[in-house]
Amino acid sequence: MNIIRVLADAYRRSPRRFTLMLLEMASVNPLAVFQLSIAIQYPSVASFALVPIAMLIGHVAINIRAMFMLAQGSRDIIQDCLSKGPNGTTCLVSELFAERYPNGKETYEDIEKWSVQFGGHTRRKLDEMVRIHVAPDSGIFTCYTRSQFFSSDIFVSSLPREREPLLRFIFLHELFHVLDHIVTRPITHIAAIPAHLVFFLWALCWMKWSYLTAVIFSVTIIMMLVWQGWNHLQSGGLRLSSEIVADASAIIYSSDSDLAHLRANKKLSYLCDDRMSLRDNSARLAALREHIEMALAGKRDELIERSHQVFSTVTPLTLLSLFVFSVILASFNVKLPTQNDLWIAIASLAALILIFKFTSVRYGFVRSQVDDALRAQFPQKSLKRSVQNYAQ
């Protein structure tokens, strides 16, 4: 029942954000809303049985795309990094914090509780979610991020030492890129593409076609394209937002002494992302300096709230409401659900599940290749016994 606890907790924190979240979910996978509206108009066992089936069809379609993207991400690790021949060791995040950060054990546990376990609602371990690979003298500093349900990898050429506040900050920044992967990527837009395609095909099969039906359905498709277009445009600005949020998260967990050093460090001005414009890099640096001042002034709680607000909603409430309303409107001139429709829907779901199984096996095969290469090139060793020798 963890999901119920998470939802209840989200509603208590902010009823408005909870409502926006539900609308966002409905717009990402509109099949359930469409079929529920049909069931209310034509109540029967078949009608209501089709509601969860329709929802699952959209959900499975989303996960098929996710498996393809995960497999591609795993191949990227091999092609962009491991194939170039770096060698080193793998260390635990918990060891890194314990050895190289002030109050490292407490910091690790707090990050794990709130950014990985969501306040204790899951038992996921940060050491399981993120793996650190150290390749001395390689010049590597990059991360390959996936969702919270899969392991992510950070590759570095050295680890921060006791008197290197800037490196400690940069590592925290990269770590929070991994932890904030879901909210700092255009995940809504990416996930919606297969669900919207399935909704389009599903709705075509249910329509009783007439001039009025064609007009209403066209309006629904236009709203869907506007929704997709808006989220695609917003995804362009998410890179800047993700940098600002990763910076803010790293600042929250940095000590006052480290922040004071960062404020005075001239190298801070050279922090930039080559994939962002000069304007965006300047905006990021200005936000970084402002957030450092806030933390040093004892306003870390305010900084946490501000970073949460950056991703409170991507799609405007008006657009969300209009799109969901158009989906409901499209369901008002459809055929009566029958038992045959139910069996066809079940067969369609079964076919999609088979495709999902195939893509899952494919991802598992690619991931096993990555794991084998990592074990060969980056064997796991204690930070005290191995990585420390390289880093120093």
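Let's start with D137: this residue is exposed, at 80% relative accessibility. Exposed means over 50% relative accessible area, buried under 20%, partly exposed in between, with a 1.4 Å probe and protein chains only. The model is predicted, so local features need pLDDT of at least 70 and side-chain atom pairs pLDDT 80 or more, while totals for chains, interfaces and linings use all residues. Residues are numbered from 1 along each chain as its sequence is written, and side-chain values use heavy atoms, without hydrogens and water.

Back to D137. Its place is the loop between β2 and β3.

Strands are DSSP runs of E, at least two residues; helices are runs of H or I, at least four; both are numbered from the N terminus. Four strands form an open, mixed sheet, in the order β1-β2-β4-β3. Two strands pair if DSSP finds at least two bridges between them. β1 (89-91) and β3 (141-144) stand at the edges with a single partner strand each, so one side of each has no neighbour in the sheet. β3 and β4 (residues 152-156) run antiparallel, joined by four bridges. One example: T142 has F155 of β4 as its bridge partner.

Which residues of α5 and α6 make the contact? From α5 they are V93, S94, F97 and A98; from α6, G104, T107, Y108 and I111. Contact here means heavy atoms within 4.5 Å.

Last, N103. This residue is in the loop between α5 and α6. N103 is exposed too, with a relative accessible area of 59%. Its phi is also positive, near 50°.
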